[in-house]
Amino acid sequence: MCLLLQYGFINTCLKSLVVEKYGEETWEKLRLQAGVQDSFLTFEVYKDEITMQLVDKACKILGVPADMVLREFGEYFFEFCKRSGYDHMLRTLGGNLYEFIENLDALHSYLSLSYQEMNAPSFRVEKNEDGSMHLHYYSDRRGLCHIVPGIIGAAALDFFNIELSMEIVNQTEEEERTGKKEHIVFLVTQNPVFSYKERNEFSSSPQYVADSAKQIENQQNKEVLGSSVCPVKKSHWKTIRGIITLGRGKLLRGFDPVYPKSLWIDTKTFCNGLPFHMVFDKELRVKQAGVSIQKIVPGLRTMGICLDHYFSIVHPEVPFTISSIQKFINSQFVFQTRREMMPESWKQRPMLELRGQMIWMESLQCMLYLCSPLLRTLHELEERQMHIADIAPHDVTRDLILLNQQRLAEMELSNQLERKKEELRILSKHLEEEKKKTEALLYAMLPQHVANQLKEGKRVEAGEFKECTILFSDVVTFTNICAQCEPIQIVLMLNSMYLRFDRLTTVHDVYKVETIGDAYMVVGGVPVPVSTHAERVANFALGMIIAAKDVQNPVSGNPIQIRVGIHTGPVLAGVVGEKMPRYCLFGDTVNIASRMESHGVPSKIHLSSSAYQCLKYKNFEMTERGEIEVKGKGKMHTYFLIRNKTATENEIMGRPMKDLDSGHESAQSIQEGRMETTPARNSCQHVMLVKLTTLHTV
C-alpha cells in the first residue's frame, strides 16, 4: 500500500488508470503535454517531478480538481496493487482497519528491502472513544494527501466491508517528528456495509448486535420459529465467524494469560539468546545489551552510556527522547550506528542499521528494544564483516537475507526482461515508421495496388486501357539554360518546378509516370480507369502553366516557359524490370502525346483532336490551331487549351477557398497554397477536386 513514487510502478499505474477510464488518446495527449515517455519500467527509479507533472496535466485536461483526481487514483492504485500480486500480503496486515493501518509502516519496511530507493509515507493511528480514529499521515511530499482517503477507503471496503468517511481536521508543518515536511490528521469514521442477504438475516431483530454467541443462536431460533424473515440455514464456519465478529465479549474476554512468579531465565542466557536487544531508561542510559550488538558497537560494553551518543533514529523520524518513542511505540523503529563513535579501523565500513520493536516496562521504568540487524543481501552482510552466525537461530533475519537475495536476483532478471521488452517495443515502433517511409517511397514510384502486389511477391500482369489522357511537358530553351548555368542551379530550378507540379498531381488526382531531365509526364485514367481522365489532365495542365510563372530562369531571372502537349487514346500499362521496377505506358498514344509537346508553343497547352473531342462539351475554352506537320505522323489537326470557364485560378491551383465572411483570401492561405514542400492533402483540395470533376461531367 506504499506509494512507490520513485519507481516506475506508480507511473505505470497512473497510465493504466487513464487508458482504462479515458482511453489511449487521452493518455497520449496527457503524456505529450507532460513531456514524459510512453512506458515505464517497474523497478526503474524515476524523478518525482514526472508523477507530479502527470497529475497536474491530468487535472487540466480532464477539468477535475486535484483532490478528486488524487482520490480516484488512490482507489485505483489499491486495485492495481491487488492485480500486481500484493493482494494476500495486504489482507494479512490486520484483522481490522486499526491493525491494518498500524502495520502499514511494517509493510513499507519490508518492501524497502527490495525497493531500496523507496521513500514511503508514514502512518500513525489513534482510537477515539466514539469508535472513530485519528489517522496521522507524514510525508516528504506535499500535496498528495488526498491519495490516502482513496487507498484506505478502498482497502476498508474490500477487506473489512466498511465504508469510510475521512476528513482533514488538521494540516500543519512538522512538529512532533524530524525530517518530514507535511503532517496531515484525518478523522476516520467507519460505517459497516451489509450485503442484501446479511440484511435479511439480521434485520428481523435488533439483537444482531448482541455481544455473545448465545444471543446470535437465539436470534437464529427466532427466525426458524416464525420470524417475518425467511429462515436461512447457516454453515458451521459462518456461525463461528459470526460468534467471533459479533459475539466479541465472552469468548475474547475469557482469555487470561498466566505469568510465572519469577523469571526463569538467567541474565547470561537472556543476553546470548537475544543477541540484539537493548534496555535503556528515561535518560537514555543503557542498562543492558545483547552480546552481538556489543560486538558491533564496542561502546555498549560500558553500562550507563547514553544511547543517543551511539545511535540515531532513522525511522520514525522523531527526536531521540523517551516521550517521542512512547508516542510512536507501535511503530517499527530503525536505529543506525553513529560513524564518529566507531573504532578508527571500522570507519570505512557502512554503518549498521537495527530494526525492531519498542516495549515499555512500567515496573522498571525502562524501555526494551528488541531488534535485528537490517540487512538486505549477503553483500551487505560481508561489507559489515558480519556472519550469519552472529544472528540468533530463532531470528528470521537469517531467512530474510537469503530469501531477499533470491528476490533481488529475480527482480534484476525481471528488470532486464522489462528493459529488453521496452527496447523491442521502441525498435518495433521505429521499424513501423521506417516501413511507412518505405511504403510512401514505393507508392511514389508505383501505383499502390501494383506496389502491394509486388510486396506480396505476385506477378503484375500488364493491363490494357481503352482510353486515357497523357500529358508531356518540357522547359523551353532548356539546353541553352544548361549551357549557361552551374549544375546546382539547374537542379534547384527543376526541383522548384517539380515540387509544384507534384502537388498539382494530388490536387487533380492524376498519376505521375516519370520525369526525364526537364520532361514531365502524367496520365489520367491509369492505373485506375475514370471517365473524367481528360478533364483532370486539362486542369492539371492549366495549373502547370500558372505554377511555372513562380519558377525563375537562372539565366535571365524571368519566369521559365514550358510547353505542354496532351493526347487521348488507348495504352498498354505494366511493370518493367525487377531490380528497379517501373510502371510504364506503351502504345502510339504515348508517341503522339510526346509529339504534341515537341510541336507545341511556349506557355501554351497543345491538344490533339482526340483530346479536343473529350473536352469539347466540358466547359473548357479552346481555340483551333489548324493542321500542322507532325514528325512521323504527317498532317494533324490540333488545338490550344485556353482556360476552364467555370473554375477560378485558386481552384485550379488547389489553394484554400476564400473566406465566406470577408470575401478575401488571406495572404497566409495563398502562401500555404504555393509551398514547395510535401504535396498538400487537405480537405479543401479534395472539395475543389470534386467540384472541378463535377463541373466537367455535367
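## A cis proline and its surroundings

Pro-316 sits in the loop between strand S7 and helix H15 (322-327). Helices here are DSSP runs of H or I with at least four residues, strands are E runs of at least two, and both are numbered from the N terminus. The bond from His-315 into Pro-316 is cis, with omega near -10 degrees. Val-526 and Pro-527 are also joined by a cis peptide bond, with omega about 5 degrees; Pro-527 belongs to the loop between strand S13 (519-524) and helix H21 (533-548).

Please keep in mind that this is a predicted model: local features need pLDDT of at least 70, side-chain atom pairs count only at pLDDT 80 or more, while totals for chains, interfaces and linings use all residues. Residues are numbered from 1 along each chain as its sequence is written, and side-chain values use heavy atoms, leaving out hydrogens and water.

**Overall picture.** The protein has 26 helices and 18 strands. Of its 698 residues, 46% are buried, where buried means under 20% relative accessible area, exposed means over 50%, and partly exposed lies in between (1.4 Å probe, protein chains only). Counting contacts (heavy atoms within 4.5 Å) between residues at least 6 apart in sequence, 63% join residues at least 24 apart.

**The open sheet.** Six strands, in the order S6-S5-S10-S9-S8-S7, form an open sheet with antiparallel pairing; strands count as paired if DSSP finds at least two bridges between them. Strand S6 (286-289) and strand S7 (311-315) stand at the edges with a single partner strand each, so one side of each has no neighbour in the sheet. S8 (residues 333-337) and S9 (residues 353-361) are antiparallel partners over four bridges, and Phe-333 stands opposite Gly-356 in S9.

The loop between S8 and S9 holds Met-342. Is this residue buried or exposed? Met-342 is buried, at a relative accessible area of 8%. Leaving aside residues up to four places away in sequence, Met-342 touches Ile-296, Val-297, Thr-337, Lys-347 and Met-351. Tyr-310 is 32 residues from Met-342 in sequence, with 8.3 Å between their C-alpha atoms.

**Two helices.** The end C-alpha atoms of H4 (residues 66-91, 26 residues) are only 29 Å apart, short of the 38 Å that a straight helix would reach at 1.5 Å a residue. The expected span is 1.5 Å times one less than the number of residues. Where does H4 bend? The bend is at Gly-85, by about 110 degrees, taken as the angle between axes fitted to the seven residues ending there and the seven starting there.

For helix H7 (residues 147-160), the 14 residues should span 20 Å, and the end C-alpha atoms are 19 Å apart, which agrees. Twelve of the 14 residues of H7 are buried, so the helix is largely enclosed by the rest of the structure; among them are Ile-147, Gly-153, Phe-159 and Phe-160. Just after H7, Asn-161 takes a positive phi of about 55 degrees.

Most residues other than glycine have a negative phi, and most peptide bonds are trans.
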